[in-house]
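Q: I'm new to this structure and would like to learn how to read it. Could you take me through it step by step?

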Amino acid sequence: MTHNSIIIEDIPRDMLRLGWFSTGRGPGSRNLLKAVMDKKEQGELDIEISFVFCNWDNDEEDNPKREQRQIFFDMVKGYGIPLVTLSWKRFMPELWKEDQTAWRNEYGKELRRLTGQYPFDLGILAGYMLWMDDETCREYDMLNLHPALPDGPKGTWQEVIWQLISEDAERQGAMMHICTEEWDRGAAITYCGFPIRGGDYDALWDRMHAKLGASTLDQIKAEEGQDEPLFKRIREDGAKRELPLIVATIGAFADGRVRIEDKKLYAGDRRLDGPYDLSEQVDAALE
């Protein structure tokens, strides 16, 4: 894995403008927005959030997260950030039933029309639960969180952790990758990592190996699920790093240390051949 040393250049630059995409389902969405806005208000992030886009209007029928989302909407408005909504449930429902790829393309076209009036430099998918269409991925530079190291497993965070256990892995982490037409396959831009061996982990691995002597991993998944102690510990150590990683990533762009050009990562005029390691900054944020 490449560790890139990035030199900050003393050049004038404009404030970084962010486009914020969130489904606003619960406390996680609010905590992330608050963390970034707190850093902005403290003068630690030179950013402006041009808009927050949500794929719900929040007056739909059959809306299981209405109360949580309303708290999020009120928070956005309290910060004075323009809120842009487009209900995925009410958008061309017949096309959704017939052809979801065509629906996604039409939804993306309307998303770009609505957000196009708010120019931004970098999009952040902050708990955004819809897949982006290909054209939006091409037109906008957007970053998404993936709960694994750049060379780690694909899939949901649950699938990632079970895969790590099945491989007897030694490290876990999280990364921010660029959104491309290939979902979850865009190049890693930043990452942080941590060991899942040593200290308390060794006893948890010993217990897991003892269980695997009598059961299969599938049986352990079915019987214990996310309460399995090793699984739970890996998740806890990964989850607490996700928010600091996103904040540190935004900081690297806001400071002018890195930029994206043609979907590639640059430091000044130098194209980087791998993601930027933010492990030290993330660990420092946890202390």
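Q: Let's start with one residue. Setting aside residues up to four places away in sequence, which residues does Ile49 touch?
A: One thing first: this is a predicted model. To read contacts, look past the sequence neighbours and see who else is there. Ile49 touches Leu18, Trp20, Leu33, Val36, Met37 and Ile81, with residues up to four places away in sequence left out.

Q: Which residues touch the most other members of the largest nonpolar core?
A: Trp20, Ile49 and Ile250 do, in a core of 44 residues. Helix α9, residues 229–254, is the top contributor to this core, giving eight residues. Apart from that core lies another one, made of 19 residues, including Leu86, Leu130, Met132 and Met142.

Q: Let's follow α9, then. At what angle do the axes of α6 and α9 cross?
A: For a helix pair, check the distance between axes, then the angle, then the residues that meet. The axes of α6 (residues 157–166) and α9 come within 10 Å and cross at roughly 120°. That is why the two helices, α6 and α9, are called oblique to each other. The crossing of α6 past α9 is right-handed.

Q: Which residues in α6 and α9 meet?
A: On the α6 side you'll find Trp157, Gln158, Ile161, Trp162, Leu164 and Ile165, and they meet Leu230, Phe231, Ile234 and Arg235 in α9. Sorted by type, the residues of this α6 and α9 contact are eight nonpolar, one polar and one charged.

Q: How far apart are the axes of α7 and α9, and at what angle do they pack?
A: The axes of α7 (residues 200–212) and α9 are 9 Å apart, and the helices pack at about 145°. From α7, the residues Asp200, Tyr201, Leu204, Trp205, Arg207, Met208 and Lys211 meet Pro229, Leu230, Arg233, Ile234 and Asp237 in α9. Here the α7 and α9 contact residues divide into seven nonpolar, no polar and five charged.

Q: And how do the axes of α9 and α10 cross?
A: The axes of α9 and α10 (residues 279–286) come within 9 Å, crossing at roughly 120°. So α9 and α10 are oblique to each other, and their crossing is right-handed. Lys240, Arg241, Pro244, Leu245 and Ala248 of α9 make the contact with Gln281, Val282, Asp283, Ala285 and Leu286 of α10. The residues of this α9 and α10 contact divide into six nonpolar, one polar and three charged.

Q: Now for the strands. Is Ile189 buried or exposed?
A: The relative accessible area tells you, and under 20% counts as buried. Ile189 has a value of 1%, so Ile189 is buried. You'll find Ile189 in strand β7, residues 188–195. Apart from residues up to four places away in sequence, Ile189 touches Leu143, Met176, His177, Ile178, Phe253, Ile260, Leu265, Pro275 and Tyr276. From Ile189 to Asp277 is 88 residues in sequence but 8.9 Å in space, C-alpha to C-alpha.

Q: In which strand does Met175 lie?
A: Met175 lies in β6, residues 171–178. Met175 is buried, with a relative accessible area of 1%. Beyond its neighbours within four places in sequence, Met175 is in contact with several residues, among them Asn144, Leu149, Lys154, Tyr191 and Leu245. Thr190 is 15 residues from Met175 in sequence and 5.6 Å away in space, C-alpha to C-alpha.

Q: Last one: backbone angles. What is the phi of Asn58?
A: Asn58 is not a glycine, yet has a positive phi of about 80°. Asn58 sits in the loop between β2 (47–54) and α2 (66–78), and is buried, with 6% relative accessible area. Met92, again not a glycine, has a positive phi of about 45°. Met92 is in the loop between β3 (83–85) and α3 (93–98), and is partly exposed at 37% relative accessible area.

Definitions and conventions:
Residues numbered from 1 in each chain as written. Predicted model: local features only at pLDDT ≥ 70, side-chain atom pairs only at ≥ 80, totals over all residues. Heavy atoms only, no water. Core = buried A, V, L, I, M, F, W, Y, C linked by side-chain atoms within 4.5 Å. Buried < 20%, exposed > 50% of the residue type's maximum accessible area, 1.4 Å probe, protein only. Helix = DSSP H or I, 4+ residues; strand = E, 2+ residues; numbered from the N terminus. Contact = heavy atoms within 4.5 Å. Axes fitted to C-alpha atoms, helices over the stretch in contact; angles between N-to-C directions. Parallel < 35°, antiparallel > 145°, perpendicular 65-115°, else oblique. Left-handed = near helix turned anticlockwise from the far one by under 90°. Nonpolar A, V, L, I, M, F, W, Y, C, P; charged D, E, K, R; others polar.
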